[in-house]
Amino acid sequence: MKKIIEKAEAFMEFGGIKKDIIFLILGGLSLIVSLFNLIPLPFDAAWIAIILCGIPIIMEAIIGLITAFDIKADVLVSLALIASVCIGENFAAGEVAFIMQLGALLEDLTVAKARAGIEKLVHLTPQTARLIIDGADRIIPAEQVQVGDVIRVLPGETVAVDGIIISGRTSVNQAVMTGESLPVDKAAGDEVFSGTVNQFGAFEMRATKVGKDSSIQRMIQLVQSADAGKAKIVGLADRWATWIVVIALSAAGLTWAVTGEIIRAVTILVVFCPCALVLATPTAIMAAIGNATKHGFLVREGDALERLSAVKKITFDKTGTLTYGTPKVIAVKSVSDFTEEEVYTFAASAEQMSEHPLGKAIVSCYGKKPVSCDSFKMNPGEGVIAVVDGKIVKAGNLKLLKGTAISQAIAAKVDSYLNEGSTVIYVAVDNALAGYIVLSDTVRTESKDMIAALSSIGVQPVLLTGDHQNAADAIAGQLAIREVHADCLPEDKLNYIGSYQEKGDAVCMIGDGINDAPALKKANVGIAMGGIGSDIAVDAADIALVDDEIRELPHLLALSRRMMTTIKLNLTFSMALNFLAITLAITGLLGPVIGALVHNAGSVLVIINSALLLSWHRKSDRSHAGILGRRL
């Protein structure tokens, strides 16, 4: 029996959606031929629809009953098909099979293809490590590194395991773990994580966490566990299938027993088939997905909008989501006889050959052609030194300027910028402080209005970021976000989302970085910034915002709620029509064929109502918020 079931399942899966589309086209044409007798055939053309569309339904119902005693809508449909065929009502049987298969196809089309996010995370895992043995380097597989081993990491290489730097200075891009937009300076005694990238200087480190305990492997495990824990929503028709089957069989049996007319009993089974009920949800979802696509959203999971409609909290990553994710010069200050323009010129000229993101940002924001420089030197983790117009120019942090006098007044002003989450580059000319340049990740122009629109419809924004508390508080203050959690590693974001869910709050997570992947999986709905976001974040999400226009988020949330209203209307109408048709069938006023046509008409009306979602839009944030509030 087990082998038979396995072969049956393999047969049903063979060909996939393309096969189902072909079967539906052929089934639909055969019903038209059968209804109008267009082509003389030695058999009823409706048999084509019965075989192509009905047999898969019957097989799935049997498999579900045998393997798990799982009563779904397919069971009632199978009974109606068989009963209709037994009394010679082939058109009714073919029509019911066609409508049910159409609903199943629509559901399949709303389900996203298998995603490869975990595989891409695995590809980020370093394959080799540079082990130091007796002073010499030896390349070994990363999984062979043991706790306590000393490893050398060269510029541009990925850190193989977690560890502590024992010698050397560098800057490390750890966006994979924290999402921070800027590299972090590292020196002896600092911790480094597997999967992060060494930017400039070589360093030696002692391994502290290896194999499955390393940071990148823990993140892979978080993504896997979060995905497994996300429950899928079951179709309403299947949820109610047991009761529908019991009521339908009882009504049909009693009618047959009382009237003695089997045709009435079969008509009840036909009109009781939950065709419109099955179509109610997938047609609305597909129409809403089409609407969302027009606004730049790629919906990757069929039930994502259904889950989004229940969201009470939206958690945002900061960098690249609420902000542009790239540092910009926001202030240039002179503390000497040089003008601010001259300080800016010195810094841009000294940084023009730098590979550091901060140096590149200064040159980019300068907007002019820098003065040529000589004797360029880069000190990893400190800054750059160059000769500009015969003057020795230093641009970097305090480590580079050791010995250079800085007054308390200047230090206090610099601290005020640092407390706002900005980064400060000091500029010294001939070993005297000339001024400083302030850089910061800037807020997207549309972020403030978007947050306000979400708050107005009762959704609480929360900031979850790997950046430091000062930077997080500064951004949250600009956007009126009250709840902020900073210095978050991937597992921290996961835990915060889990704690909200334990309290009964449905959570939507919006992020763009690799470090956001576990949280995107864990949340009830994950939305990734598709334009600037990493492939792994997009693959982990249910929805991707293709053009990164976050101002459209309130529309998406409102659309999801409107979609649920449409689904409820569809369900109410389909159930009312079913009970009306049953009443007419019991009294003998409705035969199987007319009953099937009435049923078909109900399905068409459900599809039309769902299609209205395609063109639905908000007139304005404020007016829509008021309307939505009244409807809810």
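In which sense do β18 and β19 pair, and over how many bridges? I opened the predicted model to check. Strand β18 (residues 460–464) runs parallel to β19, and the pairing covers 3 bridges. I also looked up one residue pair here: Leu464 sits opposite His485 in β19. Helix α19 (residues 469–479) packs on this sheet and touches both β18 and β19. Its direction makes about 155 degrees with that of β19.

I read the strand order as β10-β22-β21-β20-β11-β18-β19, an open sheet of 7 strands with mixed pairing. At its edges I found β10 (297–299) and β19 (483–485), each pairing on one side only. From one strand to the next, the twist averages 20 degrees.

Then helix α23. I see α23 lying across β10, β11 (311–316), β20 (506–511), β21 (525–529) and β22 (543–545), at about 155 degrees to β11.

On to the core. The largest nonpolar core has 88 residues, and Val311, Phe316, Ile543 and Met563 touch the most other members. Helix α23 (residues 553–586) gives the largest share, 12 residues. I listed contacts of Val311 beyond four places in sequence: Val459, Ala506, Val507, Cys508, Val525, Leu557 and Arg561. A separate core of 24 residues includes Phe346 and Ile362.

Last, another sheet. I noted an open one of 3 strands, β6-β5-β8, paired antiparallel. β6 (184–186) and β8 (197–198) each have a single partner strand, so one side of each lacks a neighbour in the sheet. Strand β5 (residues 170–173) meets β6 over 3 bridges, and Thr170 has Lys186 as its bridge partner in β6.

Note on methods:
Residues numbered from 1 in each chain as written. Predicted model: local features only at pLDDT ≥ 70, side-chain atom pairs only at ≥ 80, totals over all residues. Heavy atoms only, no water. Core = buried A, V, L, I, M, F, W, Y, C linked by side-chain atoms within 4.5 Å. Buried < 20%, exposed > 50% of the residue type's maximum accessible area, 1.4 Å probe, protein only. Helix = DSSP H or I, 4+ residues; strand = E, 2+ residues; numbered from the N terminus. Contact = heavy atoms within 4.5 Å. Pairing = 2+ DSSP bridges. Axes fitted to C-alpha atoms, helices over the stretch in contact; angles between N-to-C directions.
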